[in-house]
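Trainee: Please take me through this model. I would like to learn how to read its sheets, helix contacts and ligand shell.

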Amino acid sequence: MTLMMPRLGHVYPTAVSAIGSVVQDAAGREWIDGSSGAIACSIGHGHPHVLEGIHDQLQKASFLYRTQFASEPALRLAERLCVKLGYDAAFFVNSGSEAVETAVRLAQQFWREAGKPSKTQVLSRTISYHGSTAAALSLSGHWPRRRTAAALTGTPTLPTPNCQRCPLRQKRDECQLACANAVEQEIERRGADNIAALLVEPIVGASAAGLVPPEGYIKRLREICDRHDILLIADEVLTGLGRTGRWLAMDHEGVKADIVILGKGLNAGYFPISGILASERINGLLTRNQASFALGHTHSNHPVAAAAANAVLDILEQDSLVERAATMGAYLGDRLRAMIDDMPFATHLRGKGMLWGVELVQDDISYSPWPSELNAADTVVRHAFDLGLIVYPSSGFINGTSGDAVIVAPPFNTPQAVLDTLVDRLTTALELASRELH
Ligand code: PLP
């Protein structure tokens, strides 16, 4: 009788405390949380204001069911997010995957209400991660995970921009955003009348380690969606609420999606809550049609989860942590860039704000990826862990199989001295992994 853990036979240390950017086990060993857990803990661990917010709400009403009562914290959270980010309605569920499913269902409902019921398909990209439930994984270009699931209904077909390793074998200065134009070709092939939405991560997170698209790409996607009357869904589960130094990663190009999906950044790891924000166009039509939003789970719009998210939002605002993610993130990026400068094993630094990815290659002449069976990313993660640093592996972003990187994504309020130690430990981990692999 035991708890199921991801890797059989692996002995996981049992953590007994997590405060700020440091996790500690029972023996007093400490780790710098260089990946905010799974890129979630944006405001650090154990923040007293969030603990208090959760505690207060637990005392007031620990559970209210969404079809029976409105809850004050959920109403307040919806209003705050809509006002701040320019949306018209919000709905909360529990995980990023559920929020992706909710966004897809909402897009399909919108087109039914608009009298275009054939618009049901959702386009997505071949390197992407949208979650592990059936529809979310169906739309994900995360090939290691897809291989473990049966009966997936969809397949991502669109190229994911990666200018250093262009999937369309184009040169950046000549390509005229061929990767975005491929979206239009796919729409024409399938017929816009069959397509509800395009689902994208504005900066690709877990599956490609912070890959930033070329300038103009997101704007071009918006134009293409408008031209063909297709909804644009931004999956900001990982990037949303400040991770890339802006409240939304879409803000880097000043583009507004029709539906935004929030998750990790909304809960900062404190309590499971995710959500969707819908534009005026969508919510207005549903409201005019008096169409109820027929989605939800037992714990949707959960009052305690919403109280936790409100408290997280308080801290992000009061401590200007999104601005800090931009400035300290730039500092961290500079340190990482300097680190890989004379390190043939590590290259192609990508990212923004407090989200960075370092790619691992066999050498800096061929830039050949490591054979996937050598698990290069996991090797670095293991050495880092032994040195007291948590970083996050990413694999398969070149062609679904090869391509290894490690993600560095600490909490936004990590002190500068801790960021320096993080880079020092990562440098040693990369050197040790390189020696082991070569
Ligand atoms: N969407 C994106 C962009 C993600 O990064 C993730 C998780 O990594 C998900 C969706 C799924 O979120 P969850 O693991 O909370 O279900």
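Trainee: Which strands form an open sheet in which the pairing is antiparallel?

Mentor: Start with the general idea. Strands of a sheet pair through backbone hydrogen bonds, either parallel or antiparallel. Two strands pair here if DSSP finds at least two bridges between them. Helices (H or I, at least four residues) and strands (E, at least two) are DSSP runs, numbered from the N terminus. Now the case: 4 strands form the open antiparallel sheet, in the order 10-11-14-13. Before we go on, note that this is a predicted model, where local features need pLDDT of at least 70, side-chain atom pairs count only at pLDDT 80 or more, and totals for chains, interfaces and linings use all residues. Residues are numbered from 1 along each chain as its sequence is written.

Trainee: Which strands stand at the edges of that sheet?

Mentor: Strand 10 (346-352) and strand 13 (392-395) do. Each has a single partner strand, so one side of each is left without a neighbour in the sheet. From one strand to the next, the twist averages 25°. Axes are lines fitted to C-alpha atoms, for helices over the stretch in contact, and angles run from 0 to 180 degrees between N-to-C directions.

Trainee: How many bridges join strand 13 to strand 14?

Mentor: There are 4, and strand 13 and strand 14 (residues 404-408) run antiparallel. Look at proline 393: valine 406 in strand 14 stands opposite.

Trainee: Which strands does helix 12 touch?

Mentor: Contact has a cut-off: the C-beta atoms of two residues, placed from the backbone, lie within 7 Å. Helix 12 (residues 321-341) packs on the sheet and touches strand 10, strand 11 (355-360) and strand 14. The direction of helix 12 makes about 170° with that of strand 10. Helix 13 (residues 376-386) lies across strand 11, strand 13 and strand 14, at about 40° to strand 14.

Trainee: At what angle do helix 12 and helix 14 pack?

Mentor: About 25°, with the axes of helix 12 and helix 14 (residues 416-437) 10 Å apart. Angles under 35 degrees count as roughly parallel, over 145 as roughly antiparallel, 65 to 115 as roughly perpendicular and the rest as oblique. Helix 12 and helix 14 are therefore roughly parallel to each other. Among the residues that meet are Met328, Tyr331 and Leu332 in helix 12, and Leu419, Val423 and Leu426 in helix 14. By class, this contact has 8 nonpolar, 2 polar and 1 charged residues. Ala, Val, Leu, Ile, Met, Phe, Trp, Tyr, Cys and Pro count as nonpolar, Asp, Glu, Lys and Arg as charged, and the others, Gly among them, as polar.

Trainee: In what order do the strands of the mixed sheet run?

Mentor: The order is 4-9-8-7-6-5, with 6 strands in an open sheet. Strand 4 (89-93) and strand 5 (121-123) stand at the edges. The twist averages 20° from one strand to the next. Within this sheet, 4 bridges join strand 7 (residues 231-236) to strand 8 (residues 259-262), and these two run parallel. Isoleucine 233 has isoleucine 259 as its bridge partner in strand 8.

Trainee: Which strands does helix 8 lie across?

Mentor: Strand 6 (195-200) and strand 7, with helix 8 running at about 145° to strand 7. Helix 8 (residues 217-228) also has a helix partner: its axis and that of helix 7 (residues 178-190) come within 9 Å and cross at roughly 15°. Helix 7 and helix 8 are therefore roughly parallel to each other. The contact includes Val183 and Ile187 of helix 7, and Leu221 and Ile224 of helix 8. Its classes are 7 nonpolar, 1 polar and 2 charged residues.

Trainee: How far apart are the axes of helix 4 and helix 10?

Mentor: They are 10 Å apart, and helix 4 and helix 10 (residues 280-288) pack at about 55°. That makes helix 4 oblique to helix 10. Leu106, Phe110 and Glu113 of helix 4 contact Ile282, Leu285 and Leu286 of helix 10.

Trainee: Which helix gives the most to the shell around the ligand?

Mentor: Helix 4 (residues 96-113), with 3 residues. A residue is near a molecule or strand if its C-beta atom, placed from the backbone, lies within 6 Å of it. The ligand is surrounded by 14 residues, and the closest are Ser95, Gly96, Ser97, Gly131 and Val237. The shell has 5 nonpolar, 7 polar and 2 charged residues.
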